[in-house]
Amino acid sequence: MRYLLALLALLVVAAVAALFYWRHAQRAGAAQDDGADVQALYQAGRALPQGPLRVYHLGHSLVGRDMPAMLAQLAGQGHDYALQLGWGTALREHHQGREAIAGFDQENATPRYRDAHQALASGEYDAFVMTEMVRLQDAIQYKESRLYAGKWAAEAAAGNPAGQVFLYESWHALDDQPDWLSRLPDDLETMWKPGLLWPAARAAGKPVWLIPVGQVMARLVAEAEARGGIAELASREDLFGRSPDGTLDPIHPNDLGVYLVALTHYAVLYGQSPVGLPHELMRADGSPADAPSPELARRMQEVVWEVVSTNPLTGL
């Protein structure tokens, strides 16, 4: 019995050590992945759409129902979309299917829902946009982000070889450490690119283009806070929601934030400046969204284009 207990203890120690080594290797692999082997994929540039797009969105509440609906209004007649959402759902759980997705029934109770695997296999979508759960560091360490970003990108490329694949770079919570604003550029370089973008492009055998919402937010917030405000946008908190008692929601955007996200998607997907687009839009349920003032809307649109048009990973 003593021998068996000792052997069991050794097996447990070995298993823990193996798990530690695997996680360390995953983190180290992501940190050291500079994408050198996939850079050539991006050199040929990107064919920009000549008409309306059919877009498939895969994600969670930072996609939500309102952002794709606002994007459709910005794009105009002919734009169409479908989606699959969950509560903070990782790419891995989306890949595993309905039973693995928390909040599946609630989030997908919309005519815009379509099973992700079925949608991509149909080949009917010009653009596939995916994002990962937050906290992103946890997703990379525990949810196999590198593997599943690759699986989804490869699946999209196989379903429609002429279609394009996009990664929506989101943001971390305002109360997450270190400082929210200073972290956004670093997170792109240390997590989004090595943890998702490069593995996805590698698996797809084609560029996976970046929708750099986090970088747009960083540029706009830095300017607003340095200037003492841009119209009604005084600080980062003004892009985020509040509960009925006024408590700040540190992760979910309000209508102003959703509008900014939709503008960034429009600029990247269509390859066009969003300057001059409408700013009074409707939510997915048909109710009017809280609109930015004309002054703020204009500066939002300008900042989006400044960021998007100068980042080579957008293909513009």
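Which element gives the largest share of the lining of the largest cavity, and how many residues does it give?

Mentor: Happy to. This is a predicted model, in which local features need pLDDT of at least 70 and side-chain atom pairs count only at pLDDT 80 or more, while totals for chains, interfaces and linings use all residues. Residues are numbered from 1 along each chain as its sequence is written, and side-chain values use heavy atoms, without hydrogens and water.

The element you are asking about is H8, which supplies three residues, the largest share of the lining of the largest cavity. A cavity here is a set of points on a 1 Å grid over the protein atoms alone where a 1.4 Å probe fits but cannot get out, and lining residues have an atom within 4 Å of a point. The whole structure contains four cavities of 30 Å³ or more. The largest has a volume of about 80 Å³, counted as the space filled by probe spheres set on the points, joined across faces, edges and corners. Its lining is made up of 16 residues, and those nearest the centre are Leu120, Tyr125, Phe128, Ala156 and Asn160. Besides helix H8 (145-159), the elements that give two or more residues to this lining are H6, E3 and strand E4 (164-169). Helices (H or I, at least four residues) and strands (E, at least two) are DSSP runs numbered from the N terminus. By class, the lining has eight nonpolar, five polar and three charged residues; Ala, Val, Leu, Ile, Met, Phe, Trp, Tyr, Cys and Pro count as nonpolar, Asp, Glu, Lys and Arg as charged, and the others, including Gly, as polar.

Now follow Tyr125, one of the residues nearest the centre of that cavity. Tyr125 belongs to one aromatic cluster with Tyr56, Phe128 and Trp152, and Phe128 is another of the residues nearest the cavity centre. Across the whole structure there are ten aromatic pairs (ring centres of Phe, Tyr or the six-membered ring of Trp within 6.5 Å; planes under 30 degrees apart are stacked, over 60 edge-to-face, the rest tilted). The rings of Tyr56 and Tyr125 make an edge-to-face pair, because their planes stand at 70 degrees, with centres 5.6 Å apart. Tyr56 comes from strand E1 (residues 54-58) and Tyr125 from the loop between helix H6 (116-122) and strand E3 (127-130), so the pair ties together parts 69 residues apart in sequence. Tyr56 is buried at a relative accessible area of 0% (buried is under 20%, exposed over 50%, partly exposed in between, with a 1.4 Å probe and protein chains only). Tyr125 is buried too, at 7%.

Glu144 is partly exposed at 22% relative accessibility, whereas Arg92 is buried at 17%.

For context, the second largest cavity holds about 70 Å³. Here helix H9 (residues 180-204) gives the largest share of the lining, five residues. Among the lining residues are Val134, Trp171, Arg183, Asp187 and Trp192, and by class the lining has six nonpolar, two polar and three charged residues. Glu189 is partly exposed, with a relative accessible area of 45%, while Lys193 is buried at 15%.

Notes:
1 Å grid on protein atoms, 1.4 Å probe; cavity = no way out; pocket = protein on both sides within 12 Å on 5 of 7 lines; lining within 4 Å.
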